[in-house]
Structures are given as structure tokens and as C-alpha cells.
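Trainee: I would like a close look at one part of this model. Please take me through it step by step.

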2 protein chains.
Amino acid sequence: MDKQNHPQDTETRILQAAEKEFFEKGYAGARTASIAEAAGVTHAMLHYYFRTKDKLFERIVSEKIDALANIVLSAIGDGDLPLEDRIRQGVERHFDFISANRDLPRFIVNEVFAHPERAEMLGNVQNIAGSLLNNLQHEIDEYAAKGLCRQADARILLIDIVSLNVFPFIAAPIVKAAVGNLYESYDAFLEMRKKENVETILGKLKISRL
Amino acid sequence: MDKQNHPQDTETRILQAAEKEFFEKGYAGARTASIAEAAGVTHAMLHYYFRTKDKLFERIVSEKIDALANIVLSAIGDGDLPLEDRIRQGVERHFDFISANRDLPRFIVNEVFAHPERAEMLGNVQNIAGSLLNNLQHEIDEYAAKGLCRQADARILLIDIVSLNVFPFIAAPIVKAAVGNLYESYDAFLEMRKKENVETILGKLKISRL
DNA sequence: TGATTGATTAACAAAATTGTTAGTGCGAAT
DNA sequence: ATTCGCACTAACAATTTTGTTAATCAATCA
């Protein structure tokens with residue numbers, strides 16, 4: 001019908017194309033021309049809406065950092081489940097979030113390496129994580145006092161969780177090549193991995209019993 | 001003394017500068033001019049010795065893939081130690097290797113993402129890893145049959161090891177910001193981490209006992 | 001209607017980056 | 001000593017990539 005005047009449309013199309021391009025190729029590898037082409041607009045439009053490649057990039061970055069704060073919040077989990085269930089739920093939610101944003105970890109890691117000052121932008125995220133850790137630590141302490149689980153440092157546990165969950169995504173092509181045909185699909189492998197990681201974490205907490 | 005004729009010298013200086021630049025910024029982010037400057041030569045020399053940025057890059061890549069094959073070999077570990085010790089040794093060697101090549105994991109991950117066909121270049125590495133896994137699996141099977149350890153899939157164990165060991169390096173600036181002042185230095189944290197990872201892996205294998 | 005506004009385009013300009021070339025100087029071999 | 005080859009430089013050329021501008025087009029509104 002109308003040949004133009006889809007302002008919202010083109011802007012979001014550019015944003016979507018840009019997210020894809022930046023995620024896949026990083027800031028340096030991304031080309032504004034490719035982004036424009038993928039969005040189906042002339043590359044002048046990209047400058048019209050976002051002025052520079054840099055500003056467009058910043059826009060994507062801040063959006064994604066917000067998204068990150070959410071998963072951390074959601075990992076706090078439902079009110080007063082028993083410890084084991086909350087951990088199970090937290091690990092699975094974290095895994096699922098990454099699974100739904102597979103390029104995000106690599107992107108964050110690379111961009112924080114490229115601009116270490118951006119580690120501070122994650123400060124907000126880390127504050128949330130901090131109170132989450134406090135809660136968790138208290139709970140572990142209680143359980144341990146009652147002899148219901150092993151004593152453990154919640155921060156270490158968190159690093160274990162993130163390490164285990166992030167790796168199959170951040171190193172996807174390599175792991176894919178390595179596991180090869182052992183699973184009917186990479187997603188099947190990931191499903192296995194999610195369960196395995198939950199068990200690994202719970203295993204670290206479990207009291208050895210007869 | 002002599003103003004020129006340091007052919008070996010300049011070539012290796014370019015290689016060293018290139019490795020650093022490529023590792024830090026990736027292929028796309030690296031600038032041949034920066035490499036030349038860091039090496040203390042005119043950027044024409046870079047083309048003189050390596051013709052193109054691409055060829056220089058390939059050179060670095062293949063060198064590093066060789067280095068990688070070695071660590072995998074060395075992870076096979078000393079002949080006939082008991083299972084626990086071999087695993088301990090394998091995990092620690094892997095950790096130490098990454099520690100001595102801190103940018104390597106990020107580099108490999110990024111470049112394999114950028115050129116998935118390069119996953120095949122790792123085929124060699126994976127063959128070696130394959131036979132290592134076979135050995136390990138047999139040993140685990142024997143131990144498990146005797147009730148000396150839990151039954152486990154060696155491949156899963158390997159993924160656990162790599163996940164846990166790689167993360168504190170690939171996400172260094174983030175983890176650094178997160179652990180903050182809890183450790184006197186990041187290296188102290190890493191030392192703790194190495195031990196913890198060994199225990200985590202051994203813990204997965206351990207028979208729960210009274 | 002006709003003036004205004006915002007979206008859009010094509011062509012262009014500027015900057016950055018890679019790659020080349022012609023020539024210089026030094027040392028070694030004949 | 002002259003020639004030859006190699007390392008090297010400086011200037012330049014080519015290409016790629018980002019950013020700009022002037023003109024167009026369609027819708028809206030006065």
C-alpha cells in the first residue's frame with residue numbers, strides 16, 4: 001500500500017538487524033552497510049535514525065544489560081521453596097535464559113574486554129546478584145547448621161553455575177563438533193546438559209550419605 | 001651497531017605484536033598499522049613478510065592450534081597413576097595451560113564463530129582428545145565395576161572440566177569485578193578456583209560414603 | 001491548496017585501512 | 001670492486017567503511 005512512513009517499523013528493523021550483526025560479528029566486525037541491507041533499508045537511514053555506528057551500538061548494549069538484570073532477578077525464584085528446589089529452579093532459569101539469548105554471553109564478554117569500563121555498567125546487575133547471594137548464603141548456613149547440607153560459599157556456587165551453564169553456548173560450534181552425533185540434535189544435548197548441571201550443583205551441596 | 005639486517009628479529013617481533021593484537025581485538029578489530037607500530041617497524045614490513053593481514057592471521061592461528069594439541073596430549077598424564085591422581089593432574093594441567101594463555105579461549109571461540117569451517121581445524125585436536133577419552137572411560141568403567149567410584153560418562157566429565165576451568169579466564173574482567181576485594185589478588189582467586197574445580201570434578205565421581 | 005514536516009534515497013565526501021611500488025643501503029658472494 | 005639480493009623506507013594507490021547532503025516524496029494540517 002503506502003510506500004513509506006513506517007518510521008517505527010524501519011527503526012525497529014534496523015535495531016533487530018543491528019543486534020544480530022553486532023552479536024554475530026562484534027562491534028569491529030559489524031558493517032553498517034550489512035545492517036542496513038539486512039534491515040532492508042538504505043544505509044543512510046541507519047545514520048538518520050542513530051547518527052553513528054557507535055550510538056547504535058550503545059543502544060543495543062544498554063538494552064541487553066537491562067535484559068541481564070532481569071534474569072538475575074528472576075533467579076531469586078519463588079518465595080519459600082526448600083533450598084534444593086530453589087537452586088534447581090535458579091539453575092534452570094539461568095540456563096533457559098541463556099538458551100533464549102545464545103549470543104549474549106559471548107557478546108558481553110567481548111565487549112567488556114574491549115571496554116573494561118563497561119564492567120561498571122554491570123554494577124547494577126551485580127548489586128542485585130549481591131543480595132541474591134546474601135539470601136542464598138543465609139539459607140545454606142541454616143541448612144548446614146541442621147546438618148541438612150554441606151557448608152558452602154554461595155559465591156563459589158554461583159561461579160560454578162554460570163561456568164557450567166554458559167560454556168555450551170559460548171563455545172557452541174566447538175562443543176557441537178565435539179559431541180558430534182552422540183545426540184540426535186544439539187538441543188537434545190543441551191537438554192541433557194541442563195539436567196546434568198543441576199545435579200552437579202546439588203551434588204556439591206549434598207551431604208554424603210550411606 | 002648495524003642499522004638493519006635483523007630479519008629474524010623483525011619477523012618474530014611482528015609475530016609477537018600480531019599475536020597480542022589479534023588476541024586482544026580479534027581479527028576484525030586488529031589493525032595492521034597498530035601491529036607494525038607495536039613491533040616497532042613500518043607497516044610495509046608487515047606486508048613484506050606476510051603479504052596480507054589474512055596470511056599473518058592464519059600463521060598465528062595455526063601456531064596456536066598446535067599449542068592446543070599439546071596441552072591435550074599432556075593432559076593424558078603420567079602413565080599409571082591411580083584414577084584420582086590422573087584426573088587431578090589433568091584438571092590442573094589444563095587449568096595451568098589456560099592460565100599461561102589467558103586470551104586463547106576467547107580467541108578460539110570468537111574465531112571459530114567467525115569462521116565455523118575452522119572447527120574442522122580443531123579436528124586434529126579432537127582426535128587426540130578422543131583417544132584420551134577412551135582411556136579415561138575404560139578406567140572409570142573398571143573403577144566403577146569394583147565399586148571404587150561412581151559410573152560416569154567421560155565426555156560429560158570433560159565438558160565439566162573445560163567449562164569450569166575456562167570461565168574465570170574467558171570472563172575475567174566480569175568475574176574480577178564480581179569477586180572484587182574478596183581475594184588479595186585475582187591470581188589468588190584463580191589458585192582457589194583451580195583447587196575447587198579439582199574437587200568438584202572428583203566429587204562427581206566419588207561414591208557417597210558414610 | 002499549498003506549506004510544512006518527517007522519512008527516504010542516491011550520490012557524494014571523508015576517513016580509515018589495507019596493500020603496492022619504486023627506490024635506497026648494506027652486506028655477501030664471485 | 002661490482003654485482004646481487006635482501007631488508008627496509010617513504011610515499012602512494014586502492015579499497016572499504018563510515019558519515020553527510022541536497023533533493024524527493026508522501027502525508028498532514030492550516
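Trainee: Is Ala144(A) buried or exposed, and what is its relative accessible area?

Mentor: Keep in mind that this is a predicted model. Ala144(A) counts as buried because its relative accessible area is 19%, and the cut-off for buried is under 20%. Now place the residue. Ala144(A) sits in helix H7 of chain A, which covers residues 123-145. Next, look at what it touches. Setting aside residues up to four places away in sequence, Ala144(A) touches Cys149(A), Arg150(A) and Gln151(A). Then look further along the chain. Lys206(A) is 62 residues from Ala144(A) in sequence, yet their C-alpha atoms are 9.9 Å apart in space.

Compare a residue of chain B. Arg118(B) lies in the loop between H6 and helix H7 (123-145) of chain B. Arg118(B) is also buried, because its relative accessible area is 7% and the limit is under 20%. Beyond its neighbours within four places in sequence, Arg118(B) is in contact with Phe57(B), Glu58(B), Val61(B) and Glu111(B).

Phe57(B) leads us on to a further residue. Phe22(B) is in contact with Phe57(B) as well. Other contacts of Phe22(B), again leaving aside neighbours within four places in sequence, include Tyr27(B), Ile35(B), Leu56(B) and Phe107(B). Phe22(B) belongs to the largest nonpolar core, which has 101 residues. In that core, Phe22(A), Leu56(A), Phe22(B) and Leu56(B) touch the most other members. In soluble globular proteins, nonpolar side chains tend to be buried together.

Finish where the chains meet. Here 42 residues of chain B are in contact with 41 residues of chain A. The area buried between them is about 3400 Å², and carbon and sulfur atoms give 71% of it. There are four salt bridges between chain B and chain A. One of them joins Arg193(A) to Asp160(B), with the closest N and O atoms 2.3 Å apart. Seven residue pairs are in polar contact across this interface. On the side of chain B that touches chain A, the elements giving two or more residues are helices H1 (7-29), H6 (104-114), H8 (154-170), H9 (172-179) and H10 (186-205) of chain B. H8(B) gives the most, with eleven residues. The residues on this side of chain B divide into 27 nonpolar, seven polar and eight charged.

Key: Residues numbered from 1 in each chain as written. Chains lettered and ligands numbered in written order. Predicted model: local features only at pLDDT ≥ 70, side-chain atom pairs only at ≥ 80, totals over all residues. Heavy atoms only, no water. Core = buried A, V, L, I, M, F, W, Y, C linked by side-chain atoms within 4.5 Å. Buried < 20%, exposed > 50% of the residue type's maximum accessible area, 1.4 Å probe, protein only. Contact = heavy atoms within 4.5 Å. Buried area = accessible area lost by both parts, 1.4 Å probe. Salt bridge = Lys/Arg side-chain N within 4 Å of Asp/Glu carboxyl O. Polar contact = N/O pair within 3.5 Å; in protein donor to acceptor, adjacent residues only side chain to side chain. Helix = DSSP H or I, 4+ residues; strand = E, 2+ residues; numbered from the N terminus. Nonpolar A, V, L, I, M, F, W, Y, C, P; charged D, E, K, R; others polar.
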